Amino acid sequence: MTIKELYKLYQEHPCITTDSRDCPEGSIFLALKGETFNGNQFALKALEQGCAYAIVDEAVTPSQPPQGEIIQVDDCLQTFKDLAREHRRQFQIPVIGITGTNGKTTTKELIAAVLQQKYNVLYTQGNFNNDVGVPKTLFRLTPEHEIAVIEMGASHPGDIKTLAETAEPTCGLITNVGRAHLQGFGSFKNVVKTKGELYDFLGRRGESLIFINVDNERLMDILPDNVWVAPYSANPENAEGCTVGEVISCAPFLKFRWRESDVNIEERGKATGRRAKLGNERREEREQWYEVQTQLIGSYNIDNMMAAIAVGLNFGVEPADINRALEAYKPSNNRSQLTITEHNHLVVDAYNANPSSMRAALENFRLMDVRPKMAILGMMGELGNSSRKEHQKIVAQLATLELDEVWLVGSEFAAVDSPYRKFADVEEVKAAIQAEQPQGYHILIKGSNSTRLYQLPELL
């Protein structure tokens with residue numbers, strides 16, 4: 001079957017499942033493979049559970065006539081992506097693609113919150129940002145949706161290219177590029193190149209819009225010439241032609257102010273060098289500053305806030321509504337959360353960690369005017385040959401912070417020179433907490449998800 005023929009089948013049976021334990025009557029089972037499973041082995045079971053069709057990429061020989069129809073294709077994952085793209089093409093709506101090393105999930109959620117002030121928005125749930133999660137998100141598109149926000153993650157060269165070709169975004173945003181997943185990428189140069197694949201897709205598409213942080217020189221260097229741009233900045237010195245903001249305080253929640261760009265995006269042209277100024281009356285209106293008190297920890301979150309503001313303004317969301325959305329947003333999933341317990345104040349950022357996000361979290365912790373301070377840091381994963389060097393840099397940064405207590409967790413920290421306490425894993429940390437019961441601290445908890453430091457707040 002061709003993809004268009006398969007899509008007609010999907011229109012007749014508009015439910016695709018990849019889990020043989022969840023097979024709604026009349027649905028289509030698609031046999032994906034993973035490191036520890038092979039969906040082809042469950043195709044017959046899926047038909048028995050109620051699926052009308054099973055799409056497989058290995059021969060399946062039933063012992064008796066199956067209860068539904070088996071369709072064999074060359075590659076189930078590719079078919080899944082191709083079908084999702086065909087479904088996405090049924091909707092002529094703006095699709096915003098988001099990637100980046102740090103902040104992409106928070107930025108995605110902020111953008112969705114802002115756009116929901118005016119539109120019915122489809123956006124990536126959780127971290128469904130890979131070559132399975134993105135198609136699943138696209139299949140959630142319905143005629144009621146007016147705009148889509150699609151998060152794209154990467155751990156190898158070519159990942160963003162593949163996801164962009166699946167989601168076909170009309171505009172896009174790269175939050176930043178940092179030294180993460182180096183084991184998969186091979187080098188930092190490949191990280192930049194891979195994140196830039198979103199720009200490459202938008203450049204080839206033509207008439208695309210890129211929201212860009214002009215404070216980030218790496219992103220500016222790879223910006224295509226043949227796209228529309230909506231620049232933003234968190235540095236008032238870069239204010240010309242940008243929607244700009246600046247931090248007011250972070251004690252501990254981020255408070256900042258912002259104002260609109262004095263550039264009319266419809267008149268801007270296709271490159272940052274061709275910017276048309278507004279008339280005096282409209283410029284005066286846009287010179288108004290707005291203050292926003294957020295529920296996010298960390299001055300570094302101003303970049304995520306500014307991205308959401310730039311997107312909201314472009315799609316006609318009023319400043320008052322933008323501010324309302326940003327102030328109401330409350331982080332979850334152990335991202336930039338402040339937790340006040342009976343014994344301590346916890347700054348929990350235990351969902352993920354890489355060198356750039358770790359440095360930013362420590363710098364923000366340094367700026368917090370509180371005492372005493374304690375840091376419990378988990379190792380950073382997937383750094384390959386750079387791991388020891390990057391962990392040693394974090395230890396060097398810690399020496400400048402005047403912290404009262406530092407605990408380092410995991411084998412990568414164990415391998416570096418450090419004067420701080422080291423723990424093999426989270427279980428050793430939990431035992432130390434139960435024995436010593438630290439109280440009265442402001443504690444930063446930061447580490448890769450694999451170190452499971454998210455288990456600590458309930459003990460502190």
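This briefing describes the strands, helices and selected residues of one protein model, grouped by topic.

The model is predicted, so local features are given only where pLDDT is at least 70 and side-chain atom pairs count only at pLDDT 80 or more, while totals for chains, interfaces and linings use all residues. Residues are numbered from 1 along each chain as its sequence is written, and side-chain values use heavy atoms, with hydrogens and water left out. Helices (H or I, at least four residues) and strands (E, at least two) are DSSP runs, numbered from the N terminus.

**The nine-stranded sheet**

- Nine strands make up an open sheet with mixed pairing, in the order E6-E7-E5-E8-E9-E10-E11-E12-E13, where two strands are said to pair if DSSP finds at least two bridges between them.
- Strand E6 (121-123) and strand E13 (290-297) are the edges of this sheet, and because each has a single partner strand, one side of each is left without a neighbour in the sheet.
- From one strand to the next the twist averages 20 degrees, with axes taken as lines fitted to C-alpha atoms, for helices over the stretch in contact, and angles running from 0 to 180 degrees between N-to-C directions.
- In general, strands of a sheet pair through backbone hydrogen bonds, either parallel or antiparallel.
- Strand E11 (residues 243-250) pairs with strand E12 (residues 253-259) in the antiparallel sense over six bridges, and Gly245 stands opposite Trp258 in E12.

**Helices that lie on strands or on each other**

- Helix H13 lies across E12 and E13, and its direction is at about 20 degrees to E13.
- The axes of helix H12 (residues 301-314) and helix H13 (residues 319-328) come within 10 Å and cross at roughly 145 degrees.
- From H12 the contact is made by Met305, Ala308, Ile309, Gly312 and Leu313, and from H13 by Pro319, Ile322 and Leu326.
- Sorted by class, this contact of H12 with H13 has seven nonpolar residues, one polar residue and no charged residues, where Ala, Val, Leu, Ile, Met, Phe, Trp, Tyr, Cys and Pro count as nonpolar, Asp, Glu, Lys and Arg as charged, and the others, Gly among them, as polar.

**Strand E17 and its partners**

- Strand E17 (residues 405-409) is mostly covered, since four of its five residues are buried, with buried meaning under 20% relative accessible area, exposed over 50%, and partly exposed in between (1.4 Å probe, protein chains only).
- Strand E16 (residues 373-378) runs parallel to E17 and is joined to E17 by five bridges, and in this pairing Ala375 stands opposite Val406.
- Three bridges join E17 to strand E18 (residues 421-423), again in parallel, and Lys422 in E18 is the bridge partner of Leu408.
- E16, helix H15 (residues 387-398) and E17 together make a right-handed β-α-β unit, a crossover being right-handed if, with the strands pointing away from the viewer, the path from the first strand over the helix to the second runs clockwise.
- Val406, which belongs to strand E17, counts as buried because its relative accessibility is 6%.
- Leaving out residues up to four places away in sequence, Val406 touches Ala375, Leu398, Tyr420 and Arg421.

**Residues with particular backbone or burial values**

- A cis peptide bond, with omega of about -10 degrees, joins Arg371 and Pro372, and Pro372 is in the loop between helix H14 (355-367) and E16.
- Glu402, in the loop between H15 and E17, has phi near 55 degrees, a positive value in a residue other than glycine, and Glu402 is exposed, with a relative accessible area of 60%.
- Arg452, in the segment after strand E19 (442-446), also has a positive phi, near 60 degrees, in a residue other than glycine, and Arg452 counts as partly exposed at 31% relative accessibility.
- Lys446, in strand E19, is buried, with a relative accessible area of 2%, and the residues that Lys446 touches, not counting those up to four places away in sequence, include Asp349, Asn352, Ile376, Gly378 and Leu453.

Conventions: Contact means heavy atoms within 4.5 Å.
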